[in-house]
Amino acid sequence: MAAFNKVSPLFTLSSSLRRFSSPATRNTPILSLYSPFTPPLSFPFSFPSLSLRPHLSTKTRPSVIVSAIKNLSEIQPVPFPSTPEEFAAQFPSDAGVYAVFDRYDELQFIGISRNIAGSIFTHQKSVPHLCCSVKVGVVNEPDRTALTQAWKSWMEEHIQATGKVPPGNETGNTTWVRQPPKKKADLRLTPGRNVQLTVPLEELIDKLVKQNKVVAFIKGSRSAPMCGFSQRVIAILESQGVDYESVDVLDEEHNCGLRETMKQYSNWPTFPQIFVNGELVGGCDILTSMYEKDELAALFKQ
């Protein structure tokens with residue numbers, strides 16, 4: 001067998017440029033291919049544009065992402081994951097549209113979201129029996145018009161194919177809409193001002209503050225405070241996430257005489273008044289001061 005020249009490395013690219021008569025091959029690098037099993041070969045080889053810039057890794061998007069301009073029928077549904085970690089790994093936090101299907105492959109809802117993964121995770125928590133699989137479309141330039149158009153195109157395609165709107169998108173259906181938490185109703189000490197009390201009002205107050213951990217006697221209701229100090233107190237209690245009861249001292253229908261009776265009971269002349277574990281903490285100024293000093297968390301844990 002004939003001996004061949006030893007070359008290292010096996011594949012080398014000649015740094016010289018060779019001019020050819022053909023304009024298409026001028027200034028074309030020459031690739032010299034060497035192998036221990038074949039004689040050396042030289043031939044012109046055209047490369048696509050080469051870049052000397054360093055390679056920068058890019059973030060890998062979940063495989064479920066598709067362009068929102070695709071038809072709804074062209075997208076493959078993806079099963080709902082069971083854990084938050086799987087949601088984060090499989091679904092994008094980008095803005096776009098999504099379509100949720102039940103276990104019978106019936107489309108239940110088409111939605112728009114600025115965070116697709118977050119929205120479908122919320123749906124699975126609130127209506128798990130309706131969430132089996134989902135189709136996702138990311139809108140690359142998610143302004144209001146683009147998002148609306150993407151949602152509209154999917155809706156029109158579904159209506160054209162089935163002749164009906166998805167149940168969750170029907171007028172009046174709030175199944176898929178996140179509802180704001182309902183605020184507790186204010187407590188009433190009496191059935192009405194015309195009802196004769198069988199026990200003194202002071203005793204009703206004492207029983208109320210001792211049977212509830214946190215009670216706020218305010219002007220107005222918790223949903224509509226009637227003074228700035230009461231509004232401030234409600235905001236602080238809400239920010240702490242504490243479960244508290246509220247009593248409207250201005251409600252003369254169900255709390256008739258409460259304002260004057262409270263002043264005598266607590267020996268505190270102004271409102272609001274906040275009680276914790278049956279003891280008067282104070283009014284707005286004291287509660288605000290404790291809030292600014294991060295002392296409320298310890299108070300409410302007692």
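Author: We begin with a loop: aspartate 294 is found between H7 and helix H8 (296-301). Helices (H or I, at least four residues) and strands (E, at least two) are DSSP runs, numbered from the N terminus. This is a predicted model, in which local features need pLDDT of at least 70 and side-chain atom pairs count only at pLDDT 80 or more, while totals for chains, interfaces and linings use all residues. Residues are numbered from 1 along each chain as its sequence is written, and side-chain values use heavy atoms, with hydrogens and water left out.

Reader: What is the phi of aspartate 294?

Author: The general idea is that most residues other than glycine have a negative phi, and most peptide bonds are trans. Aspartate 294 is not a glycine, yet its phi is positive, near 60 degrees.

Reader: Is aspartate 294 buried or exposed?

Author: Buried means under 20% relative accessible area, exposed over 50%, and partly exposed in between (1.4 Å probe, protein chains only). Aspartate 294 has 69% relative accessibility, so it counts as exposed.

Reader: Which residue in the loop between S5 and S6 can I compare with this?

Author: Aspartate 105 lies in that loop. Its phi is positive, about 65 degrees, although aspartate 105 is not a glycine. With a relative accessible area of 59%, aspartate 105 is exposed. S5 and S6 form a hairpin with 5 residues between them, and aspartate 105 is in the turn.

Reader: How do S5 and S6 pair?

Author: Two strands pair if DSSP finds at least two bridges between them. Strand S5 (residues 96-101) pairs with strand S6 (residues 107-113) in the antiparallel sense, over 6 bridges. Valine 100 stands opposite phenylalanine 109 in S6, and phenylalanine 101 has leucine 107 of S6 as its bridge partner.

Reader: Which strand pairs with S5 and contains residues 133-138?

Author: That is strand S7, which is antiparallel to S5 and joined to S5 over 6 bridges. Here alanine 99 stands opposite lysine 135 in S7.

Reader: What is the order of the strands in the open sheet with antiparallel pairing?

Author: The order of its 4 strands is S4-S7-S5-S6. Strand S4 (78-79) and S6 are at the edges with a single partner strand each, so one side of each has no neighbour in the sheet.

Reader: Which strands of the sheet does H2 touch?

Author: A contact means heavy atoms within 4.5 Å. Axes are lines fitted to C-alpha atoms, for helices over the stretch in contact, and angles run from 0 to 180 degrees between N-to-C directions. H2 packs on the sheet and touches S5, S6 and S7, and its direction makes about 25 degrees with that of S5. Helix H3 (residues 144-162) also touches S5, S6 and S7, and its direction makes about 170 degrees with that of S6.

Reader: How many residues of S5 are buried?

Author: In S5, 6 of its 6 residues are buried. Gly96, Tyr98 and Val100 lie on one side, and Val97, Ala99 and Phe101 on the other, so to read S5 is to find both faces covered.

Reader: Where is histidine 123, and what does it touch?

Author: Histidine 123 is in helix H2 (residues 116-126). It is buried, at 6% relative accessibility. Leaving out residues up to four places away in sequence, histidine 123 touches Tyr98, Phe109, Pro128, Cys131 and Trp176.

Reader: What is the order of the strands in the open sheet with mixed pairing?

Author: Its 4 strands have the order S9-S8-S10-S11. The twist averages 25 degrees from one strand to the next. S10 and S11 run antiparallel and are joined by 3 bridges, and phenylalanine 275 stands opposite leucine 280 in S11.

Reader: Which peptide bond is cis?

Author: The bond from phenylalanine 271 to proline 272 is cis, with omega near 10 degrees. Proline 272 lies in the loop between helix H6 (258-266) and strand S10 (273-276).
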